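Opening the notebook on a new model today.

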Amino acid sequence: MNKKIGYLIAFAIALAAPFIGYPVFLSKLLCFALFACAFNLLIGFTGLLSFGHAAFFGAAGYVAGNALKLWGLPFELGLLAGVAAGALIGVVMGSLAIRRQGIYFSMITLALAQMVYFGALRAGEFTGGEDGLQGVPRGRFLGVIDLANDTTLYFVLLGICALAFALIVRIVHSPFGQVLKAIKENEPRAISLGYDVDKYKLLAFVLSAALAGLAGASKTVVLGFETLTDVHWTMSGLVILMTLVGGMGTLAGPMLGAIIIIALENKLGDWGTLLAQVTGIEWFNTIGEAVNMVVGLIFIVCVLLFRRGIIGEFIALAGKKKPV
């Protein structure tokens, strides 16, 4: 019951947010929160550390962008095309990567993701190369609601992300999700019980890739462009950081981690200017240029003081044995 109340409060805050903050920035937060939750489904509940999730996120953005701009597909089909692209790449990468375990699995996902990056760099006609894919239209939702309005788009994305999060919750608490947890806790025991572990891993990998694709496609619609940054390995590192800061293996943790990291990346300079005005210390005006250093410090603090992540530590302090 407490969890349901917490989710309702969070949803109520999300509904009120665009009347206080900038809708485009808030929509971007939703996309990255979904991206982090998709990644957490793989690492937090299956125990597979992927260094290649940028491939799904970025490739889906390119496919959705071209679907809307060049192919003339409606908004819904554009997002579905991105999801399908993420899932397809997930099938290929997962089929190759799950043959290995531990760091070898992670390195294979990184290598394959970098292949996607260099493919995007070379396929200039499709991706725009170093210039990126520009001028992606938003279209209309269900052919009726014009998404040119930033607030309208935010509420549509909020509904999509809420449904995606509900799907993740359902997956985690389903019999399938329980098998994934068993694989994470003790894979040899799961094998001894007769489970086809590789099949479950692959399915979890593809589900995570598809949801990451939905996040990437949504981000392209929000910003109206797609660049190589989203398929670079640094984006995979960023989503790992979000998940660890918020709380790996928790449902709400990755969302909080995404909000913290993206807010720092986008608003640190403004906060530094405000601090400079209040304190009179000129150095604060330059803090926006040191965003990576600040994010790194936060990561170090979380590793030293919040090893379960922020939400994970909160759950532990609330008296629960395990973050769920």
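Predicted model: local features only at pLDDT ≥ 70, side-chain atom pairs only at ≥ 80, totals over all residues.

**Entry 1: a charged pair and ground rules**

I looked up D150 first: its relative accessible area is 26%, so D150 is partly exposed. My cut-offs are under 20% relative accessible area for buried, over 50% for exposed, and partly exposed in between, with a 1.4 Å probe and protein chains only.

Residues are numbered from 1 along each chain as its sequence is written, and side-chain values use heavy atoms, with hydrogens and water left out.

What does D150 pair with? The partner is R138, in a salt bridge with N to O at 2.8 Å. I call it a salt bridge when a side-chain nitrogen of Lys or Arg is within 4 Å of a carboxyl oxygen of Asp or Glu. This pair links distant parts of the chain: D150 is in helix α7, R138 is in the loop between α6 (124-127) and β1 (140-141), and they are 12 residues apart. Helices and strands here are DSSP runs numbered from the N terminus (H or I, at least four residues, for helices; E, at least two, for strands). R138 has 16% relative accessibility, so R138 counts as buried.

**Entry 2: the other salt bridges**

How many salt bridges does a search of the whole structure find? I get three.

K201 bridges to E187, with the closest N and O atoms 3.1 Å apart. That pair also links distant parts of the chain, from K201 in helix α10 (residues 197-223) to E187 in helix α9 (residues 187-192), 14 residues apart. I find both K201 and E187 buried.

D230 and K219 meet at 2.8 Å, N to O. Here D230 sits in the loop between α10 and α11 (233-246) and K219 in helix α10, 11 residues apart, so I note another link between distant parts of the chain. Both D230 and K219 are buried. Reminder: side chains of opposite charge can pair when their charged atoms come close.

**Entry 3: the fold as a whole**

I count 14 helices and two strands in the protein. The radius of gyration is 20 Å, close to the 20 Å that the globule rule gives for 324 residues, so the protein is as compact as a globular protein of that length. That radius is taken over C-alpha atoms, and the rule is 2.2 Å times the number of residues to the power 0.38. The C-alpha trace spans about 60 × 50 × 35 Å along its principal axes.

Buried residues make up 48% of the 324. Of the contacts (heavy atoms within 4.5 Å) with a separation of 6 or more, 74% are between residues 24 or more positions apart. The accessible surface is about 15800 Å², and 68% of that belongs to carbon and sulfur atoms; areas come from the Shrake-Rupley method with a 1.4 Å probe, and for residues only the protein chains shown count as cover.

**Entry 4: annotated spans**

I checked the record. The unreviewed UniProt entry gives "transmembrane region" for several spans, including residues 7-26, 77-97 and 283-306. UniProt positions are in the numbering used here, feature names are shortened, and annotations may be inferred rather than shown by experiment.

Residues 7-26 come out at 70% helix and 0% strand, with the end C-alpha atoms 18 Å apart. Residues 77-97 are 100% helix and 0% strand, with the end C-alpha atoms 29 Å apart.

F155 is in helix α7 (residues 150-172). Leaving out residues up to four places away in sequence, F155 touches L15, P18 and F19.

**Entry 5: a nonpolar patch**

Which helix gives the most to the nonpolar patch? It is helix α13 (residues 291-305), with seven residues. The patch covers about 880 Å² of surface, and L244, M248, L304 and F306 are among its residues. Patches are made of residues with over 30% relative accessible area and no salt bridge; like charges are joined within 9 Å, nonpolar side chains (Val, Leu, Ile, Met, Phe, Trp, Tyr) within 5 Å.

In helix α13 I looked at L304, which counts as exposed at 58% relative accessibility. V301 is in helix α13 too, and is partly exposed at 38%. The C-alpha atoms of V301 and V245 are 9.3 Å apart, though 56 residues separate them along the chain.
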